[in-house]
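User: I'd like to go through the side-chain contacts in this one. Can you put it up?

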Amino acid sequence: MSVLTRDEAQTRARLLDVHRYTIDLDLTTGDATFDSRTVIRFTVRADQDATDTFVEVRPAELRSVTLDGHPLDPETLDENRLPLKNLTPGEHELRVDAAMRYSRTGEGMHRFTDPTDGETYLYTQLFMEDVQRVFAAFDQPDLKAVFDLTVTAPENWTVLANSRTEHLGEGRWQAAPTPLISTYLVAVAAGPWHSVRTEHRGLPFGIHCRRSLAPHLDPDADELFEITKQCYDRYHEKFEEPYPFDSYDQAFVPEFNAGAMENPGLVTFRDEFVYRSAVTDTERQTRAMVIAHEMAHMWFGDLVTLRWWDDIWLNESFAEYMGYQTLTEATRFTDTWTDFGVIRKAWGYDADQRPSTHPVAPDKVDDTASALLNFDGISYAKGASALRQLVTWLGEKDFLAGINTHFARHKFANATLADFIDSLAANTDRDVHAWADAWLRTTGVDTLRPTVTRGDEGTHTLTVERTGSRPHRIAVGVYDHDVADEGHHLVLRRRLDLDVPQTEPLPLGKRPALLLLNDHDLTYAKIRFDADSFDTVRANLRGLPDPLTRAVVWNALRDAVRDNGSVHRGATPEPPMTPTAYLETARTHLPHETDLALVQGVLAFATTQVADRYLAPEDRPAALATLTSLCRDLIRRTEDGDHPGLRLIAVRHFIDVAAQPDTISAWFSEGTVPGGPELDPELRWRILGRLAVLGAIDDAVIEAELIQDPSATGQEGAARCRAALPDPEAKATAWDAMFGGDDLSNYLFTATAQGFWQPEQADLLRHYVPRYFQDAVAVAARRGPAIADAAGRWAFPTHAVDTDTLRLGEDCLRDADPIPALRRKLADQLDDLARALRVRGE
């Protein structure tokens, strides 16, 4: 397939004005393909001579094409491009009649049959360049048009779209014409949906899911609508431009590749957000944040859209920042920035330290394949962190004034970074152009290091050294021991504002027990400690009064482990913060932690990075024993039933790190953890997955559980467990399913990959490591970017931390020519592997 280049898009945008798409989809033609008939009305600008261009379409069969009533030869289709020759200035009409393939990879028109009840569901995911899998289009974001959609579906189905839909009878559905939107934002979802509807401020709201999930959606419907309404109302307080579409539907769809997609008027979410099993309040907060994030896109991305993909941050960074901030302001979830700090921000820090890093706003993205790689921790987490710093530096009043100027200037149109900065500059005296150059055009993570100097009469001053070039406005937390408490509590003496670089040292008064840079996490930078503060952290971390403050400290410890460096500076630097030291710190303080996001984040890093990768294989059993002991303490602490979310996290991680099967096998047999919780499907499959790794079950046990839970999630659980069995035949079967054929859906591919590689099975899996680099390249080339992403993310042998794996990967990148999506994933995995080797000292 030919990818669209930036130059080609600019040329076509100068040539054409696209007015309207009239699209007729017939979803009743069979299981493999659907019919797609498209009429595109467009104008060639008067200042153009007769010229050539092309329209994109990727059909199973191109039946006919006419331009202004004259037939074109379908055989001229070159991969995904249909040439349009000798276009003259003026109005034109293009008609395309094609059969299009259904997808099993979450791209284009995805088709899913629910194993629970046999019902079939379809939905579109047209992002970046997948609209051409569904209908013919001039597929670039700056050729906005009106979309007029008609769908024929089975009689018992409901069809959802970007705008209100009307059933015309006999399975025919008509959607109201949209406002001007980009091609990648068109959406259709069709099937026998279970729907719950309400109205808010005169606007119809709906939530939709598969019928088999109805018993799980209905109990949460009030919460989902409440969050949606609260965010909607808060955005209308912030934004002068009202919500620009005629309805607001949220569809929870199966086998979705992303968390959600901001299709105007019809947001699609992965249907794991319809909870079949118990979840923590932090997981509910995450779902609420995704709702807030996608609603922010109705303005950032849908109303005002990037001109080209180099400004993707104008979509994602803003939605990320607005999602967290608006959730904090408008809902019961008031500590969202803690979760951002310990989970999302770490994603940004990691991405920004790899060779594949890029600026938040890169100067130039050459084509769509390159652009797709930039949907990462930089465009989301780093960009949102930069915006949070911008608000701190600029002030929220001027920031919102600039946003509203931007909406007014560019609504239903396209804009660039320069346009946005000009809108901000119109509402402040600050030099936002210089700020943008420093923050959005550069790469890497700054490091802030404190020096505390003792002066006359016992007073102290602070000087902050910055590694990097960005200006930072931070808060400095000054903490003392609580003299009324002989335990571990610390009290905030004061929180000081500081601009870095400094103009003069910051007076502190008497020496604090802890001096914390970037308290409340207002900037994007690594922080270090002075020696006395680090001693306090090791002894008193759990005594810090604010969870966001504790998140900053835990991130600093995490960074120090990954950097294989000292976490503090002083006259006599201590040895590096080792993986074992991190585990000991977690063992000391985490049993006393109250914030669920922190417990989850620290345990996840301690397990998947420290125990599984950063420690040598001979040290892993001791690490698992430490983590088991930590989780057991959390389970004991929550026996009173007052902390169900904390208990659930502890139980999950106890299962994940179990080195012996006895305890979790007994839980499975009894159907409950002593003192609760009872085992729901998620916990049952989780236990079976670990027992499979340990060789404590066989396929008969997996099959028996699948009979009890034949759902899509059950199918994934079974695939994960079967791939995890320490049996040569099971491994060969799983490998062949992933790489030998193309039948696995995106979710079943991922589940199989998640089960396959296990640190406990290194000897059994050794000969698969070199095979991976051949077979992953081949399957990515055959099946495209979504499977390439899964193959690079989940099927990579992360447990194989050795120089042989690194060499094989480097040879693959040099010689095998993987497609861009896989190349990027491999490059990142290999950089993480090299980091793990450095942490190990190898």
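User: What kind of model is it, and which pLDDT limits apply?

Analyst: It is a predicted model; local features need pLDDT of at least 70, side-chain atom pairs count only at pLDDT 80 or more, and totals for chains, interfaces and linings use all residues. Residues are numbered from 1 along each chain as its sequence is written, and side-chain values use heavy atoms, with hydrogens and water left out.

User: Salt bridges, then. How many?
Analyst: The count comes to 73 salt bridges, a salt bridge being a side-chain nitrogen of Lys or Arg within 4 Å of a carboxyl oxygen of Asp or Glu. Side chains of opposite charge can pair when their charged atoms come close.

User: What does glutamate 93 pair with?
Analyst: Glutamate 93 forms a salt bridge with arginine 41, and their closest N and O atoms are 3.4 Å apart. Glutamate 93 is in strand 7 (residues 90–101) and arginine 41 in strand 2 (residues 33–44), so the pair ties together parts 52 residues apart in sequence. Helices (H or I, at least four residues) and strands (E, at least two) are DSSP runs, numbered from the N terminus.

User: And how exposed is glutamate 93?
Analyst: Glutamate 93 counts as partly exposed at 23% relative accessibility, and arginine 41 is partly exposed at 32%. Buried means under 20% relative accessible area, exposed over 50%, and partly exposed in between (1.4 Å probe, protein chains only).

User: What about arginine 197 and aspartate 249?
Analyst: Their side chains meet in a salt bridge at 4.0 Å, N to O. Arginine 197 lies in strand 15 (residues 194–200) and aspartate 249 in strand 17 (residues 248–253), so this pair ties together parts 52 residues apart in sequence. Arginine 197 counts as exposed at 53% relative accessibility, whereas aspartate 249 counts as buried at 10%.

User: Which residue does arginine 562 bridge to?
Analyst: Arginine 562 forms a salt bridge with aspartate 350, with the closest N and O atoms 3.1 Å apart. The pair links distant parts of the chain, 212 residues apart: arginine 562 is in helix 13 (residues 547–563) and aspartate 350 in helix 6 (residues 336–352). Both arginine 562 and aspartate 350 are buried. There is also a network in which salt bridges that share partners join Arg234, Glu237, Lys238, Glu329 and Glu396.

User: Lys238 is in that network. What side chain sits by its backbone oxygen?
Analyst: The backbone oxygen of lysine 238 lies 3.1 Å from a polar atom of the asparagine 404 side chain. A polar contact is a pair of N or O atoms within 3.5 Å; within protein, one must be able to donate a hydrogen and the other to accept it, and residues adjacent in sequence count only if both atoms are side-chain atoms.

User: Where is asparagine 404, and what does it touch?
Analyst: Asparagine 404 is in helix 9 (residues 396–410) and counts as buried at 8% relative accessibility. Leaving out residues up to four places away in sequence, asparagine 404 touches Lys238, Phe239, Glu240 and Glu241, where contact means heavy atoms within 4.5 Å. Asparagine 404 and glutamate 240 are 164 residues apart in sequence and 6.2 Å apart in space, C-alpha to C-alpha.

User: Histidine 297: buried or exposed?
Analyst: Histidine 297 is buried, with a relative accessible area of 0%. Histidine 297 is found in helix 4 (residues 281–297), and a polar contact of 3.2 Å joins its side chain to that of histidine 293.

User: Rings now. How many aromatic pairs?
Analyst: The whole structure has 53 aromatic pairs. Rings of Phe, Tyr and Trp (its six-membered ring) pair if their centres lie within 6.5 Å; planes under 30 degrees apart count as stacked, over 60 as edge-to-face and the rest as tilted. Phenylalanine 773 and phenylalanine 796 have ring centres 6.0 Å apart and planes at 85 degrees, so the pair is edge-to-face.
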